[in-house]
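Biologist: Can you walk me through this one? I'd like the layout, then the helix packing.

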Amino acid sequence: MRTESKITVSDLMEMITEAQGIALNLVEDLTDEQMLGPRLPMVNPPLWEIGHVAWFQEKWVLRHLGKAKPIIPEADSLYDSACVPHDSRWELPLPSRRETFRYVQEVRDRVLDRLISIAPNAAEDYFHHLAVFHTGMHAEAFTYTRQTLGYSRPQLLVPPGRVHSEAAGTGSLPGDAEIPGGTYWLGATPDLPFVFDNEKWAHPVPLRTFRIARAPVTNAEYASFVEEGGYQRREFWSDEGWIWREQSGARHPVYWEHGSGGRWFRRSFDRWVALEEVRDPGNLGTIIRTADGVGAGGVMLIGTCCDPYSHEAVRASMGSIFDVPLVRVSPERFPAWAATWRGDRVGTHLDAREDFRSVRYRLPALLVMGSEGPGLSPAIAQACSRLVKIPMAGRLDSLNLAVATALMLYEMRRESLAL
Ligand SMILES: [Fe+2]
């Protein structure tokens, strides 16, 4: 017996198109190199992952419901996550980037064609929803992959009215709530329009009285925990957590850096700029303003730079100082820190052989500029993965620091800047 669908065909088509559009948008701007990326246990190569998203939809909608043959005959041996070991996904004979995107679009077109020609019933709705939610889960994975690997911030296609900004910046809600003991129902009930397998079915669970924080911890609260030695105090950690902390040597969250004025800053996707001992506050303010202009995620001050909060620096930054995070690092610590940076660490140097305009910068790129006059110190230059030079035709051998930084930043971010 056919049970009527609870959703209109046009709503279903809109949901499918939107989910796939968001997923594609999260990978389309990545370079070929980024589409593969480094082999890490917590991420997938994006080239594989976007193909897997399409394969999943094809498998359940076109092949399972429609009994169609696979579009790519060997697709199961490439994209079935249950059979293809995670480690091997970087070495598979995957279709090229262009072929993969074509496959993704072909699956979507065939799914939409099927919806137009065969009105779905409730049972078929299930598989359409399953594919859409699966795409959504991978959209989340694409986003955290970009953060993990330090790729640029994605330009999210969030339809107007869907941004829940009231959830942001609401501050802390301290204290615990006490949940009285009793029998609770956990799981989904059959009247819901869609449930995942692991939510089936609601069943009674006896619980003892327990306490739980009333809201997630805020970054400010967590920073206090870090500063008060929370990572060194065994009593705050579970056995498993402490083993991880000991093995990882973590002292604070992985994307945090201790910044100027005792504040903490967080790496957001690919953005930092490092400066070594800038002495002129006007230059520093101008550089901060330029960093803001190109969407750089922050400015790192190496060694004893001038005061970024001096009147002159603040004025030259035209207010950008309040938007661009500043991080301080000592020259001694910089090389070790820089060694963990995944993309290029680009320094400008008079002895460099490469023209800064002819280089393809490996992202996320970190620009390292020396101080006015002497330029990069030998130790900091050595910590750079690549040294470039700005050509000069006149009598001088270098430009003003802020001007040179601006040229470099615009060149390095050429591909992500658009009107
Ligand atoms: Fe998946």
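**Layout and helix packing**

Modeller: The protein is divided into domain 1 (9-148), domain 2 (177-212), domain 3 (219-248) and domain 4 (256-416). Keep in mind that this is a predicted model.

Biologist: What separates the centres of domain 3 and domain 4?

Modeller: Taken over C-alpha atoms, those centres are 32 Å apart.

Biologist: And what does the C-alpha trace span along its principal axes?

Modeller: About 85 × 55 × 40 Å.

Biologist: How many helices and strands are there?

Modeller: The protein has 13 helices and 13 strands.

Biologist: OK, packing. At what angle do α3 and α5 cross?

Modeller: Roughly 25 degrees. The axes of α3 (residues 46-65) and α5 (residues 97-117) come within 9 Å. Angles under 35 degrees count as roughly parallel, so α3 and α5 are roughly parallel to each other. The crossing of α3 past α5 is left-handed.

Biologist: Which residues make the contact?

Modeller: From α3, Leu 47, Ile 50, Gly 51, Ala 54, Gln 57, Glu 58, Val 61 and Leu 62. From α5, Arg 97, Thr 100, Tyr 103, Val 104, Val 107, Arg 110, Val 111 and Arg 114. By class, the contact of α3 with α5 has nine nonpolar, three polar and four charged residues.

Biologist: Now α9 and α13. Which hand is that crossing, left or right?

Modeller: α9 and α13 cross in a right-handed way. The axes of α9 (residues 281-293) and α13 (residues 401-412) come within 9 Å, and the crossing angle is roughly 15 degrees. That makes α9 and α13 roughly parallel to each other too.

Biologist: What is in the contact there?

Modeller: On α9, Asn 283, Thr 286, Ile 287, Thr 290 and Ala 291. On α13, Leu 401, Ala 402, Thr 405, Ala 406 and Leu 409. The contact of α9 with α13 has six nonpolar residues, four polar and no charged.

Biologist: Switching topic. Is Ile 22 buried or exposed, and why?

Modeller: Ile 22 is buried, because 20 other C-beta atoms lie within 10 Å. The cut-off for buried is 20 or more. Ile 22 lies in α1 (residues 9-25).

Biologist: Where is Gly 295 relative to Ile 22?

Modeller: Gly 295 is 273 residues from Ile 22 along the chain. Their C-alpha atoms are separated by 22 Å.

Biologist: What share of the protein is buried?

Modeller: Of the 419 residues, 29% are buried.

Biologist: Last one. Of the contacts with a separation of 6 or more, what share is between residues 24 or more positions apart?

Modeller: 77% of them.

Note on methods: Residues are numbered from 1 along each chain as its sequence is written. This is a predicted model: local features need pLDDT of at least 70, side-chain atom pairs count only at pLDDT 80 or more; totals for chains, interfaces and linings use all residues. Axes are lines fitted to C-alpha atoms, for helices over the stretch in contact, and angles run from 0 to 180 degrees between N-to-C directions. Helices (H or I, at least four residues) and strands (E, at least two) are DSSP runs, numbered from the N terminus. Angles under 35 degrees count as roughly parallel, over 145 as roughly antiparallel, 65 to 115 as roughly perpendicular and the rest as oblique. A crossing is left-handed if the near helix is turned anticlockwise from the far one by less than a right angle, and right-handed if clockwise. Two residues are in contact if their C-beta atoms, placed from the backbone, lie within 7 Å. Ala, Val, Leu, Ile, Met, Phe, Trp, Tyr, Cys and Pro count as nonpolar, Asp, Glu, Lys and Arg as charged, and the others, Gly among them, as polar. A residue is buried if 20 or more other C-beta atoms lie within 10 Å of its own, exposed if 12 or fewer, and partly exposed in between; C-beta atoms are placed from the backbone. Domain bounds come from an automatic or database domain assignment.
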